[in-house]
Amino acid sequence: AHRSYARNRRTRCQGQPNLQDRMGTTYSLPEEVLTTKVAQYSFRISKELYALRATSKSGLALAQRGLSSSCSFLCRHVHFRGEADPRRDEAVGRVFGAGCIRLSAHVRSPERIAALDAFVRRTNGGLFSLNLWTCDVTAEALLRMCQASPKLTKLRGPSSVAIPDSTVISISAACPDLNEVSFSHIGHSPAETYEHHFPRLNHVNLLFDGGSRPYRPTL
């Protein structure tokens, strides 16, 4: 019985291609070529980057270099959604944080907000776009994330949380390149409440309550 098991096991192993066979000519490419050339055009989504990490002992570092330099834009946009385990968020941050340039989120629990805050710190100031419109992020947490992201050009704060004027002023100082900004506002238009703090805006919004009422000058 033992000889039969060993023979069957050898047969199965012989029928399975090894790593070099599965990768084909890619296996022989120098790592720098794989990172700067192949990764730029071939690895388009996060699942493919996970596979890249498993191709060799240095796959993890290879994927991280690709993410932080030449990888596809789709791999550098991270979206936090649903009620996933915060530990998953932390794992995503370790892999994709350094290369992320665009981050959007739909999270509400304190644990996931904390994981989101930690993820922003892992971007090392590389974020250009941050969308927290459907998050229950406090004004203090929002300011921390903005201070950790001085290159931001687009920001959407939480729609359900009132952001004090003092926090808005601090955000404008922390992120001087912002050209598109949205915060929750009640009663007056964004142009009359917070937009004047951001001199680089591409446009101003004179509509009340998200556009449900026409503009009327404040007397």
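## Helix 6 and helix 7

Axes here are lines fitted to C-alpha atoms, for helices over the stretch in contact, and the angles between them follow N-to-C directions, running from 0 to 180 degrees. With that in hand, we can look at a helix pair in this predicted model. Helix 6, residues 86-96, packs with helix 7 at an angle of about 5°, and their axes are 9 Å apart. Since angles under 35 degrees count as roughly parallel, helix 6 and helix 7 are therefore roughly parallel to each other.

Which residues of helix 6 and helix 7 make the contact? Helix 6 brings Pro 86, Asp 89, Val 92, Gly 93, Arg 94 and Phe 96. From helix 7 come Glu 111, Arg 112, Ala 115, Phe 119 and Arg 122. Sorted by class, this contact of helix 6 with helix 7 has five nonpolar, one polar and five charged residues.

## The chain as a whole

Stepping back, the chain holds 10 helices and five strands. It has 219 residues, of which 37% count as buried. If you take the contacts in the chain with a separation of 6 or more, residues 24 or more positions apart account for 62% of them.

The five strands form an open sheet in the order 1-2-3-4-5, with parallel pairing. Its edge strands are strand 1 (77-80) and strand 5 (180-182), each of which pairs on one side only. On average, and with direction ignored, neighbouring strands of this sheet are turned by 5° against each other.

You can follow the sheet from strand to strand. Strand 1 and strand 2 (residues 102-105) run parallel and are joined by four bridges; in strand 2, Ala 105 is the bridge partner of Phe 80. Strand 2 and strand 3 also run parallel, joined by three bridges, and Leu 103 has Leu 130 in strand 3 as its bridge partner. Strand 3 then pairs with strand 4 in the parallel sense over three bridges, where Ser 129 stands opposite Lys 154 in strand 4.

## Helix 8 and its surroundings

The pairing with helix 9 (residues 165-174) can be described in more detail. The axes of helix 8 and helix 9 come within 9 Å and cross at roughly 10°, and the two helices are therefore roughly parallel to each other. On the helix 8 side, Ala 139, Leu 142, Leu 143, Cys 146 and Gln 147 take part, and they meet Thr 167, Ser 170, Ile 171 and Ala 174 in helix 9. By class, this contact of helix 8 with helix 9 has six nonpolar, three polar and no charged residues.

## Two cysteines without a bond

How many disulfides are there? With a disulfide taken as a pair of cysteine sulfur atoms within 2.5 Å, the count comes to zero. Cys 146 is in no disulfide, and the nearest cysteine sulfur, that of Cys 175, is 4.6 Å away.

Cys 175 counts as buried because its relative accessibility is 1%.

Two more residues deserve a look. Asn 124 is found in the loop between helix 7 and strand 3. Most residues other than glycine have a negative phi. Asn 124, however, has a positive phi of about 55° although it is not a glycine. With a relative accessible area of 63%, Asn 124 is exposed.

Where does Leu 206 lie? Leu 206 is in the segment after helix 10 (190-193). Leu 206 is partly exposed, as its relative accessible area is 36%. Leu 206 and Pro 190 are 16 residues apart along the chain, and their C-alpha atoms are separated by 6.4 Å.

Terms used
Residues numbered from 1 in each chain as written. Predicted model: local features only at pLDDT ≥ 70, side-chain atom pairs only at ≥ 80, totals over all residues. Heavy atoms only, no water. Parallel < 35°, antiparallel > 145°, perpendicular 65-115°, else oblique. Contact = heavy atoms within 4.5 Å. Nonpolar A, V, L, I, M, F, W, Y, C, P; charged D, E, K, R; others polar. Buried < 20%, exposed > 50% of the residue type's maximum accessible area, 1.4 Å probe, protein only. Pairing = 2+ DSSP bridges.
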